[in-house]
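Reader: I am new to this structure and would like to know what its labels rest on. Could we go through them one by one?

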Amino acid sequence: MTPTVAVVGRGPIGAATAHRLAVAGVRDVVLVGADDAGEPAYRSSGGSVCWHRSDRVKAAMIRRTAEFVRARAAAGASIRVRETPYLFLDSGVLAPALNIAAADLVDDLVGLAAGAGVSEVDVGTVGAVE
C-alpha cells in the first residue's frame, strides 16, 4: 500500500507534522525515520522556545508551542520542561521562555502520532523524494 503522506524525518518537526496530519484526518500517514549511525542532533538539544519577537505571528506560534508542551507535561507526559527566561542584553528585556528536553518531546509526539494511526518505517538514509 502506498501511503497518502510520508513524513521524512523523525525529529521534532517530522513527529509533530505526522501527529497533526493524523489528527486532522489524513489517512495512511507514514513517519519515515532512519537508523543513522550517529545520534540525531535534537537528542542533545535543550529545545528552548522564547516568544519575545517583533513579528506577532511568529510570537503567537511559538507561544502556542509552549502551551502545547506545558499541557502535555501537565497531563503526565514524560517531558522534562522548565521555565527559563532569556535576557536580551541589547534591549535589557527579560523575556519568558521554556526549556524543553527535545528527545522527550519527540518521543511523546511519536507516541501521539502512533496513537492517531501513524505507522513508522525505517528505510535508512533517504536520498531523494519524488
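Author: Let us start with a pairing. Four bridges join E1 to strand E2, residues 29-33, and these two run parallel. Ala6 stands opposite Val30 in E2. One caution: this is a predicted model, where local features need pLDDT of at least 70, side-chain atom pairs count only at pLDDT 80 or more, and totals for chains, interfaces and linings use all residues. Residues are numbered from 1 along each chain as its sequence is written, and side-chain values use heavy atoms, with hydrogens and water left out.

Reader: What makes E1 and E2 a pair?

Author: Two strands pair if DSSP finds at least two bridges between them. E1 and E2 have four bridges, so they count as paired.

Reader: What is the order of the open sheet with parallel pairing?

Author: The order is E1-E2-E8, three strands in all. Strand E1 (5-8) and strand E8 (119-122) stand at the edges. Each has a single partner strand, so one side of each is left without a neighbour in the sheet. The twist averages 30° from one strand to the next.

Reader: What counts as a helix or a strand here?

Author: Both are DSSP runs, numbered from the N terminus: helices are H or I with at least four residues, strands are E with at least two. The protein comes to three helices and eight strands. From the N terminus on, the elements run β-α-β-β-α-β-β-β-β-α-β.

Reader: Which strands does H1 lie across, and at what angle does H1 run to E2?

Author: H1 lies across E1 and E2 and runs at about 170° to E2. Axes are lines fitted to C-alpha atoms, for helices over the stretch in contact, and angles run from 0 to 180 degrees between N-to-C directions. Angles under 35 degrees count as roughly parallel, over 145 as roughly antiparallel, 65 to 115 as roughly perpendicular and the rest as oblique.

Reader: Why are H2 and H3 called roughly perpendicular?

Author: H2 and helix H3 (residues 102-115) pack at an angle of about 80°, with their axes 12 Å apart. That angle falls in the perpendicular range, so H2 and H3 are roughly perpendicular to each other. By class, their contact has five nonpolar, no polar and two charged residues. Ala, Val, Leu, Ile, Met, Phe, Trp, Tyr, Cys and Pro count as nonpolar, Asp, Glu, Lys and Arg as charged, and the others, Gly among them, as polar.

Reader: Which residues meet there?

Author: Phe68, Val69 and Arg72 in H2 meet Leu105, Asp108, Leu109 and Leu112 in H3. Contact means heavy atoms within 4.5 Å.

Reader: Is His19 buried or exposed?

Author: His19 is in helix H1, residues 12-23. Buried means under 20% relative accessible area, exposed over 50%, and partly exposed in between, with a 1.4 Å probe and protein chains only. His19 has a relative accessible area of 9%, so it is buried. His19 touches Leu109, Leu112 and Ala113, not counting residues up to four places away in sequence.

Reader: What is the class of Arg70 by accessibility?

Author: Arg70 is found in helix H2. At 30% relative accessibility, Arg70 counts as partly exposed. Arg70 touches Trp51, Glu83 and Leu98, not counting residues up to four places away in sequence. Arg70 and Leu98 are 28 residues apart in sequence and 9.0 Å apart in space, C-alpha to C-alpha.

Reader: In which order do the strands of the antiparallel open sheet stand?

Author: The order is E3-E7-E4. Strand E3 (49-50) and strand E4 (81-83) stand at the edges with a single partner strand each, so one side of each is left without a neighbour in the sheet. Helix H2 (residues 56-74) packs on this sheet and touches E3, E4 and E7. Its direction makes about 50° with that of E7, so the two are oblique.

Reader: How many bridges join E4 to E7?

Author: Three bridges join E4 to strand E7, residues 97-100. Val81 has Ile100 in E7 as its bridge partner.

Reader: What makes Ala101 buried?

Author: Ala101 sits in the loop between E7 and H3. Its relative accessible area is 14%, so Ala101 is buried.
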